[in-house]
Amino acid sequence: MNVIQGIGARVISQIEEMGAMLLFLMRSFWWLFRPPLRLFQITKQMHFVGYKSTFVVILTALFTGMVLALQGYYSLRKFGSEGLLGSAVALSMIRELGPVLASLMVTARAGSAMTAEIGIMRITEQIDALETMAINSLQYLITPKMVASLISVPLLVALFDVVGIGGGYVVGVKLLGVSGGSYWSSIESAVEWRDVYGGILKSISFGLIISWVCCYKGYFTKMSAEGLGKATTESVVLASVLILVWDYFLTSVLL
Amino acid sequence: MGLFFNLGSPVERAIIDMGSSIIIQLKGVEKTLGGQPVLRGVDLGIPKGDITTIIGPSGEGKSVLLKHMIGLMRPDRGQVLVDGVDLAKIHDRELNEMRKKFAMLFQSAALFDSMNVFENVAFPLREKRLVSEPDIQRYVPEMLERVGLGKMGHKFPSELSGGMKKRAGLARALVMGPEIILFDEPTTGLDPLMAHAIHDLILAMHKTFGFTGIMVSHEIPKIFPISDWVAMLKNGKILAMERSNDFQRLSDPLVQEFISVPGSIAAS
């Protein structure tokens, strides 16, 4: 009986947590459309989430594109289809790897920092201080991060795609001797607007997942250093898992 | 002065007899945190314009009580009435309006660590846009001067001592001219001299600005000279509330035990 009670308690607790997360998202959106529009805060967060993630995104994209070209070249060569290397790299990047890997990098770099920042503000009563000044903490702290993520992640994904395709070019054309003309022309003929549109849609939804999960975990962190560490770990793990799960569902709908 | 609601307890009647009105009233407030009952039916009236200090052993829920008064926590049962309005029954927007009457000095001062002292103090003024920027540039240094931080405006919270942080927090609390200021253990972690200086500062600011002060403190007997009223929270209820001078003469053994050996109990 105790085992059943234990399982039941866990299930109820998980459902409560999901409900709390959904309410948190809805309340944050509600405050997004109420004045004042915090342009300075949004810009500051875009600088943090977007600009400061560019280096790590470029680095990841470059090597992803390079390894993709390397693997793709030897697979395609078996069928004498090296000319299709460009389309293989570009489609993989635009449809899947760009949105997923860029979002995972943003989660690791900016998402964890979001949780830690908000969590420290919670522990040191800075969030309570905002509330006592009649300033809504969701509007001041959370909505700018959400807006910044919704704008920055698609831009980073676009950058990831371009750099990744460039990395593939360097390895495929410059190192392995695939014709440059066929590399670019295969991209031109294979990539459709639907692929780009799908990538953009994915990156926007991943941006929302990152800011939602990471802000929620920080906002409701337990009032201790251990609690904050746990919240940061949980936010990165949960956001990453949600990105991968949501990617599958979105792909199955888009295809 | 008019009353906002019905008053029943002898202390509340005494407050009225002395010509004060009650600005905050708690009626049967109950709160359970993490499955543990913290407040078990608190009845308390806070006199307007006076300093009321709430004392009691650590972990009794004094800070929780303070957070109920400003709507940072909502009671499981009971009412928290501010000027006759029940905080538990109003929406976020109305609660925000109500909070404009309040300011709070937190135990940790709760300064925003990404801003320097000047920006911290100017923050509520800039957010509310009630004062022009040139006025802020003139008014904030004046306020910092009043709390003894005249030349510290450019410093960040991490560069300040505990006492300086409390002073900066007090300046930020005072800057909007609130009717009510809540002080959550304003001298915790400070040396006796600095604690004395903070108490003097609170008293001086009270005389200057005339706010209603509600303080949670362990500093016995230092709180008696600066408080008009003292209330003791014990076992989740208000055990006693009296004028500061009379409180020390209460015969209740629990009160006497607490105020006569503060070192052993208050620090526990």
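Colleague: Among contacts in chain B between residues at least 6 apart in sequence, what percentage join residues at least 24 apart?

Modeller: Two residues are in contact if their C-beta atoms, placed from the backbone, lie within 7 Å. By that criterion, 66% of the chain B contacts between residues at least 6 apart join residues at least 24 apart. For chain A the corresponding value is 88%. The model is predicted: local features need pLDDT of at least 70 and side-chain atom pairs count only at pLDDT 80 or more, while totals for chains, interfaces and linings use all residues. Residues are numbered from 1 along each chain as its sequence is written, and chains are lettered from A and ligands numbered from 1 in the order in which they are written.

Colleague: How many helices and strands does each chain have?

Modeller: Helices (H or I, at least four residues) and strands (E, at least two) are DSSP runs, numbered from the N terminus. Chain A has nine helices and zero strands, whereas chain B has 11 helices and 10 strands. The C-alpha atoms of chain A occupy a box of roughly 65 × 55 × 30 Å along the principal axes.

Colleague: Which residues touch the most other members of the largest nonpolar core?

Modeller: In soluble globular proteins, nonpolar side chains tend to be buried together. A residue is buried with 20 or more other C-beta atoms within 10 Å of its own, exposed with 12 or fewer, and partly exposed in between. A nonpolar core is a set of buried Ala, Val, Leu, Ile, Met, Phe, Trp, Tyr and Cys residues joined through C-beta atoms within 7 Å. Here the largest such core holds 131 residues, and B:Val121, B:Ala171, B:Leu182 and B:Ala231 touch the most other members. Helix 6 of chain A supplies its largest share, 15 residues. Leaving aside residues up to four places away in sequence, B:Leu182 touches B:Leu66, B:Met69, B:Ile70, B:Phe102, B:Met104 and B:Ile214. Overall, 44% of the 255 residues of chain A count as buried, and 43% of the 268 residues of chain B do.

Colleague: At what angle do helix 2 and helix 6 of chain A cross?

Modeller: Two packed helices are described by the angle between their axes and the distance between the axes. Axes are lines fitted to C-alpha atoms, for helices over the stretch in contact, with angles from 0 to 180 degrees between N-to-C directions. In chain A, helix 2 (residues 39–49) and helix 6 (residues 137–175) cross at roughly 50°, with axes that come within 8 Å. On the helix 2 side, the contact includes A:Ile42 and A:Met46; on the helix 6 side, A:Val147 and A:Ile151 are among the residues met. Helix 3 (residues 54–77) and helix 4 (residues 85–123) of chain A cross at roughly 145°, their axes coming within 9 Å.

Colleague: Where are A:Pro36, B:Pro221, A:Glu125 and B:Glu185 found?

Modeller: Most residues other than glycine have a negative phi, and most peptide bonds are trans. The bond from A:Pro35 to A:Pro36 is cis, with omega near 0°, and A:Pro36 is in the loop between helix 1 (2–32) and helix 2 of chain A. Another cis bond joins B:Ile220 and B:Pro221, with omega about 10°; B:Pro221 is in the loop between strand 8 (212–216) and helix 8 (223–226) of chain B. A:Glu125 has a positive phi near 65°, in the loop between helix 4 and helix 5 (126–132) of chain A. B:Glu185 has a positive phi near 45°, in the loop between strand 7 (180–184) and helix 7 (192–209) of chain B.

Colleague: Why is A:Glu125 classed as buried, and why is B:Glu185 partly exposed?

Modeller: A:Glu125 is buried because 23 other C-beta atoms lie within 10 Å. B:Glu185 has 19 C-beta neighbours inside 10 Å and therefore counts as partly exposed.
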